[in-house]
Amino acid sequence: MEPLKITVFQAYLFWENIEKNLNNLALRLSALREKTDVIILPEMFNTGFTNNVKKCAEPANGPTTRWLFEMAGSLNCVVAGSLIIEDGGKYYNRFVWMFPDGKYVKYDKRHLFGLSKENEYFEAGNERILVDIKGWKICPMICYDLRFPVWSKNQNGAYDILVYTASWPDKRSAHWRALIPARAIENQAYVVGVNRVGHDGNDVYYSGGSMCISPLGDVVYYKPEDEDLYTFTLNPNDLLEAREKFPFLRDSDSFTIS
């Protein structure tokens, strides 16, 4: 494992305006002066969180996926975030993890947010994935997944970093601030949560609060309220020392999820 640089973009998003969002995100990312390994964008970064699948869904090889490929190539790093994908006549809230060479992996959101009727428009995923970069194993998830610790469980030390891309409203920000540290401590892994800021087309307000929490519960990064583009470095020695000093993972329960 090598030190890993992660850039989070706590962005303001324009409601259901793919072109404007992609242009704005590209402009901001082009101003990066520090080399990074991974850039993580908020949930539905090209539209804002919406159920308007007829207007906002794209095919798997659509303009936003191509944009991710172009950005990853030009910045020579992973660029990742979720968007609405139509696949086989069904709609998915899909996390796309795009490598600079154009290869990518995908994760379809497992837990669909019933309060907003997301479950009435989208198909739930059923497979957790892991990606590897610089020896780090990373498990990407989406927003509401954060509330379900069984799905996030780090069985047998499967991952080192748990990532949540999110559109988490301010009215439940206390839950966000509580659950991300809990996931980090219980799974002895870094947890990175990337939220958005501003109001959406339904007048829901998002106050950011993007953060990175260490396996010991320490704050590596935290930013409420304002739009923010920030890069931090994770050191593998800190992770390994935490797990060696507190070897809790070896005592955890083993189970399977159907």
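Select F148. This residue is partly exposed, at a relative accessible area of 27%. The scale runs as follows: buried is under 20% relative accessible area, exposed is over 50%, and partly exposed is in between (1.4 Å probe, protein chains only). The model is predicted: local features need pLDDT of at least 70, side-chain atom pairs count only at pLDDT 80 or more, and totals for chains, interfaces and linings use all residues. Residues are numbered from 1 along each chain as its sequence is written, and side-chain values use heavy atoms, with hydrogens and water left out.

**Aromatic pairs**

Ring pairs link F113, Y144 and F148 into a cluster. Rings of Phe, Tyr and Trp (its six-membered ring) pair if their centres lie within 6.5 Å; planes under 30 degrees apart count as stacked, over 60 as edge-to-face and the rest as tilted. The structure holds 10 such aromatic pairs.

Now go to F45 and W67. Their ring centres are 5.8 Å apart and their planes meet at 35°, so this pair is tilted. F45 sits in the loop between β2 and α2 (53–56), and W67 in helix α3, so the pair ties together parts that are 22 residues apart in sequence. Both F45 and W67 are buried. Compare Y144 and F148: that pair is edge-to-face, with 5.0 Å centre to centre and 90° between the planes.

Element names follow DSSP runs: helices (H or I, at least four residues) and strands (E, at least two), numbered from the N terminus.

**The six-stranded sheet**

Show the strands as cartoon. An open sheet of six strands has the order β5-β4-β3-β2-β1-β13, with mixed pairing. β5 and β13 (228–234) are the edge strands, each pairing on one side only. Neighbouring strands here are turned by 30° against each other on average, direction ignored. Two strands pair if DSSP finds at least two bridges between them. Axes are lines fitted to C-alpha atoms, for helices over the stretch in contact, and angles run from 0 to 180 degrees between N-to-C directions.

Select β4, residues 90–98. Is this strand buried or exposed? Eight of its nine residues are buried, so β4 is largely enclosed by the rest of the structure. On one side, β3 (residues 78–87) pairs with β4 in the antiparallel sense over nine bridges. V79 has M98 as its bridge partner in β4. The β3–β4 hairpin has two residues between the strands, and G88 takes a positive phi near 65°.

Move on to β5, residues 104–108. β4 and β5 pair in the antiparallel sense over five bridges. Here M98 stands opposite Y104. This hairpin has five residues between its strands, and G102 in the turn has a positive phi of about 95°.

Next, β1 (residues 4–10) and β2 (residues 38–40). They run parallel, joined by three bridges. V8 has I40 as its bridge partner in β2.

Bring in helix α3, residues 63–75. The helix lies across β2, β3, β4 and β5, running at about 170° to β3. Contact means heavy atoms within 4.5 Å.

**The cores**

Which residues touch the most other members of the largest nonpolar core? Select I6, I138, I161 and V192, out of 44 residues. A nonpolar core is a set of buried Ala, Val, Leu, Ile, Met, Phe, Trp, Tyr and Cys residues joined through side-chain atoms within 4.5 Å. Strand β7 (residues 136–142) gives this core its largest share, five residues. Centre on I161: among the residues it touches are L4, W136, A189, Y190 and L234, not counting residues up to four places away in sequence. A second, separate core of 21 residues includes F9, L22, L68 and M98.

**Loop stops**

Select S167, in the loop between β8 (161–165) and α6 (173–187). At 6% relative accessibility, S167 counts as buried. Leaving out residues up to four places away in sequence, S167 touches E43, F49, C143, N195, R196 and Y206.

Stay with R196. This residue lies over the face of Y12, 5.9 Å from the ring centre. A charge sits over a ring if NZ of Lys or CZ of Arg is within 6 Å of the ring centre and within 35 degrees of the ring normal.

Finish with two backbone checks. Most residues other than glycine have a negative phi. K117 is not a glycine, yet has a positive phi of about 65°. K117 lies in the loop between β5 and α4 (118–121) and is partly exposed at 46% relative accessibility. N156, also other than glycine, has a positive phi near 60°. N156 lies in the loop between α5 (149–152) and β8, and counts as exposed at 75% relative accessibility.
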